[in-house]
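The sequence and the structure are shown first, and the description follows.

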Amino acid sequence: MSVRMFAAAAALGLSALLQPSTAGAQALVVCSEASPDFLNPQFSSQNTAYDVAAQIYDKLVTTERGGSQIIPSLAESWTISDDGLTYTFKLRRGVKWHSSKIFTPTRDFNADDVIFTITRMFDENHPYYKVGGSNYQFFGEIVKPSLKAVEKLDDYTLKVTLTKPYAPLLSALSVEPMSILSAEYADAMMKAGTPEQVNQAPIGTGPFSLVVYQKDATIRFKAVPDHWTKAVGNRDRMALVNDLIFVITPDASVRYAKVKSGECQIARYPNPGDLPAMRADSNLTMLSGSIADQSFLAFNQQKKPFDDKRVREALVYATNIPAIIDAVYQGTGKQAAALVPPSLWSHDDALKPRPYDPEKAKALLAEAGYPNGFKTVLWAIPVVRAYMPNGRRAAELIQADWAKIGVQAEIQSYEWGEYLKRGRAGDHEVGMFGYTWDYPDPSQILLSGWHCDGVKSGANRARWCNKEFSDLLTKANTITDQAERTKMFVRMQEIFQEDVGGLLFANAQAFTPVRKDVKDYKIHFFGGQPFVGVSLAK
């Protein structure tokens, strides 16, 4: 965000920010749980950052709103070569870039913008590679390993060449870190000596443009009147309200109070304990659905004693997961045994979780040389996520369980952005983390979170590196036969459980209370939550 925009945000009170920009305009207010860690999604793996990016940017392809089908976006169509190595995209014409106080574009979107977006992350010698940092986590782990070249055939034709076939490529291109940025804007900011503006004051082609961001308070967007979806008549992907406002509200009980009073029309990530009252409220509609998620404790296996499988297994046996699910999830989760959730193909339903068995845990600790236990630090996730409704409460229950076998765990936490940063750096001993899939292919989180390559980048929070697992995952992504891929993913899940890669919590249900005047809001289960297609009754 530019200094000018931050100053403007500071000068405005929250009540002013919540007012529609013009008389009679509709404003959709969303109570969100956290501030984004980055405004440029290329650097982020955080849900809130993806939610922001989903409004501002478009991608080459996208996931249908509320579903899992990959559909065209900035790319109108594409062809794939028989050997799976070449993808040729026909790009959409007439797509306008947003304007802002610091930049007015002179041309429409074209292939140059895609080239800039990708090579900025791909080429370490690119002038923008290190602007804002160079930890392009999603791109580096999911796309880059298979990418050979991106070429412009003409202004509206693009060729992507791979080093090896990569079955999930189109799905990967649908995720917010692959949002298309403006090359013209980047050139102008570089010439002005302010290249960081590209990351801090985002300009996209999306259905909403950013008006102002006040950290930990509010994010305000306005609808783009000439967005390309209006030309093609796709109402489901149009901005149907004039103003969209995220009110950053970390406390779930406060989010509930605001949606109940009408201060917000939508409240993300409610407390499970509040769901019965929300359902009984005649002014609210409760939306729900199964998400593709993963919640876990990461034992940092680069730190002793967690490099010893017996210690990891002991801590799994010592943790009463059913009690945590009862107290924390309160009926909104089911104990997980398999690394791939039931909502995705290749889920291994045959796997069963280790039972709660403190005596077996003690025996394993003694065998590992810790008959009297040890001391450690347990990180509690500081925000509410769909996959973990109350990290602090879960940590307290784990702390009590481990004390019974002599393991003394000190609970620690940080502000969410700092928590993620320190987790990537491997500062934790035992950390509470989780993921939701951004596209409907089981490989994504396994590749990002559990592959050996993720140890170096920090995405693999457990620093768990199993060669058989990683080799199978790499191979599975080079073939397109889903039955063969399923066999490989099932074996990977068996390996994870055998080697105790981490401690899995639960597969959760997502719930979102919305006011009755909200029309056509759909919970989006892959990538950032779009607010296109949503309107308010007059």
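In this predicted model, Gln330 has its place in the loop between helix H13 (321–329) and strand S14 (333–335). The phi of Gln330 is near 50°, which is a positive value in a residue other than glycine, and with a relative accessible area of 42% this residue is partly exposed. A positive phi of about 50° also occurs at Val500, although Val500 is not a glycine. Val500 is found in the loop between helix H20 (482–499) and strand S18 (503–504), and its relative accessible area of 2% places it among the buried residues, because buried means under 20%. As background to these two cases, most residues other than glycine have a negative phi, and most peptide bonds are trans.

From Lys304 to Pro305 the peptide bond is cis, with omega near 5°, and Pro305 lies in the loop between strand S13 (293–299) and helix H12 (309–317).

| Disulfide | Sulfur atoms apart | About the S-S bond |
|---|---|---|
| Cys31 and Cys264 | 1.9 Å | 55°, right-handed |
| Cys452 and Cys465 | 2.0 Å | about 100°, right-handed |

Cys31 and Cys264 form a disulfide with their sulfur atoms 1.9 Å apart. Cys31 lies in strand S1 (residues 27–32), whereas Cys264 lies in the loop between helix H10 (252–261) and strand S11 (266–267), so this pair ties together parts that are 233 residues apart in sequence. Cys31 is buried, and Cys264 is buried as well.

In the other disulfide, Cys452 and Cys465 have their sulfur atoms 2.0 Å apart. Cys452 is in the loop between helix H17 (443–450) and helix H18 (453–457), while Cys465 is in the loop between H18 and helix H19 (467–476), and the two cysteines are 13 residues apart. The torsion about the S-S bond of Cys452 and Cys465 is about 100°, so this disulfide is right-handed. Cys452, at 18% relative accessibility, counts as buried, whereas Cys465, at 49% relative accessibility, counts as partly exposed.

Note on methods. Residues numbered from 1 in each chain as written. Predicted model: local features only at pLDDT ≥ 70, side-chain atom pairs only at ≥ 80, totals over all residues. Heavy atoms only, no water. Disulfide = S-S within 2.5 Å. Helix = DSSP H or I, 4+ residues; strand = E, 2+ residues; numbered from the N terminus. Buried < 20%, exposed > 50% of the residue type's maximum accessible area, 1.4 Å probe, protein only.
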